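Please read them with the coordinates open.

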Amino acid sequence: MGELRSRRSVLAVPGSNPRFVEKARGLDVDAFFLDLEDAVAPLEKEAARENVVRALNDGGWGRKLRSVRVNDVSTAWAYRDVIAVVEGAGAALDCLVLPKVTSARDVHWLDTLLTQIERAVGLEVGRIGIEAQIEDARGLTNVDAIAAASPRLESLVYGPADFMASLNMKSLVVGEQPPGYDTGDAYHHVLMRILTAARAHGLQAVDGPHLQIRDVDAFRRSASRTAALGFDGKWVLHPLQVEAANEVYAPTQEDYDHAELILDAYEHATTVDRRGAVMLGDEMLDEASRKMALVVAGKGRAAGLRRTS
Ligand code: GLV
Ligand code: MG
């Protein structure tokens, strides 16, 4: 996690629809991306680029992390997406989301193209980050090499819908267990694989969309599972999902207070008392406890929590 900015809620905004773009500005999300990929019809792809450039340059996004999802490297649109968006609005952009990444080569391509454009138009080289979507069997197989492919990488993003299609899963509902699989969580391996690769390379791990947009309870259930594993956040498709994501991916107030207390107690124990292990109530703390507490405290501080005890 480190200095990477908070991504509890990542709003997906179809880049072709100025009405959605307008609404998105007012939502309390940590991050958003303007989509040029699957939410935009082929005949609208070129007009969408112009909308996206305008939406970024018009500003009004507050402290939200600003991304654009370009089309994947196998399409005819990808290179022009990158050129149009970065030449047109590179200074108003934090990251590009690259979908359907299947190997490190895809990331190298984007890194090189970004560097060329940054040099050509006088932008700081390397400032624009990359978020790599892992959404098929090849991407998952190569996920470690993908996570190591560029210093621009900030996150790995799970794409559940494309992933289910890629595996030939016998289900049409994203976020629920495929009917008939009653021996556990069908997605556990995929999620853990992505999370482990992300953490091994200091990246954030972001869960993808939940498509049943009015079923906020189902969204919460699905988000709670990846938040419990350690994911940093999740895509949101509708205002109804925003509050749930911000809440689920932040620690509870009680856990946050407790984490800060552990840090204080352990700091005192190691520096003043010169002890490596200490009791806090009935709980024994050591260096590993400090690391766990740092994670929870870090998530809480990033979410704007304040100590209440
Ligand atoms: C998102 O891109 C998905 O495929 O779920
Ligand atoms: Mg997808």
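1. A cavity, on a 1 Å grid over the protein atoms alone, is a set of points where a 1.4 Å probe fits but cannot get out, and its lining residues have an atom within 4 Å of a point. Grid points are joined across faces, edges and corners, and a volume is the space filled by probe spheres set on the points. With that definition, a search of the whole structure finds two cavities of 30 Å³ or more.

2. This is a predicted model, in which local features need pLDDT of at least 70 and side-chain atom pairs count only at pLDDT 80 or more, while totals for chains, interfaces and linings use all residues. Residues are numbered from 1 along each chain as its sequence is written, chains are lettered from A and ligands numbered from 1 in the order in which they are written, and side-chain values use heavy atoms, with hydrogens and water left out.

3. The largest cavity holds about 130 Å³ of space. It is lined by 14 residues, of which Tyr-158, Gly-175, Tyr-187, Leu-191 and Ser-222 are the closest to its centre. Helix H9 (residues 216-229) gives the largest share of this lining, three residues; helices (H or I, at least four residues) and strands (E, at least two) are DSSP runs, numbered from the N terminus. By type, the lining has six nonpolar, four polar and four charged residues. Here Ala, Val, Leu, Ile, Met, Phe, Trp, Tyr, Cys and Pro count as nonpolar, Asp, Glu, Lys and Arg as charged, and the others, Gly among them, as polar.

4. The second largest cavity has a volume of about 30 Å³. Its lining consists of Val-10, Phe-33, Ser-67, Val-97, Glu-131, Val-157 and Trp-235, that is, five nonpolar residues, one polar and one charged.

5. Glu-135 (OE) and Asp-162 (OD) coordinate the magnesium ion (ligand 2) at 2.0 to 2.2 Å. Donors are N, O and S atoms within 2.8 Å of the metal (3.2 Å for Na, K and Ca); water is not among the atoms, so the site may look incomplete. The two residues are 27 apart in the chain, Glu-135 in the loop between strand E5 (129-134) and helix H5 (137-141), and Asp-162 in helix H7 (residues 160-166). Glu-135 is buried, at 3% relative accessible area, whereas Asp-162 is partly exposed, at 25%. Buried means under 20% relative accessible area, exposed over 50%, and partly exposed in between (1.4 Å probe, protein chains only).

6. In helix H1 (residues 18-25), Val-21, Ala-24 and Arg-25 are buried.

Definitions and conventions. On a 1 Å grid over the protein atoms alone, a cavity is a set of points where a 1.4 Å probe fits but cannot get out, and a pocket is an open set with protein on both sides within 12 Å along at least five of seven lines; lining residues have an atom within 4 Å of a point.
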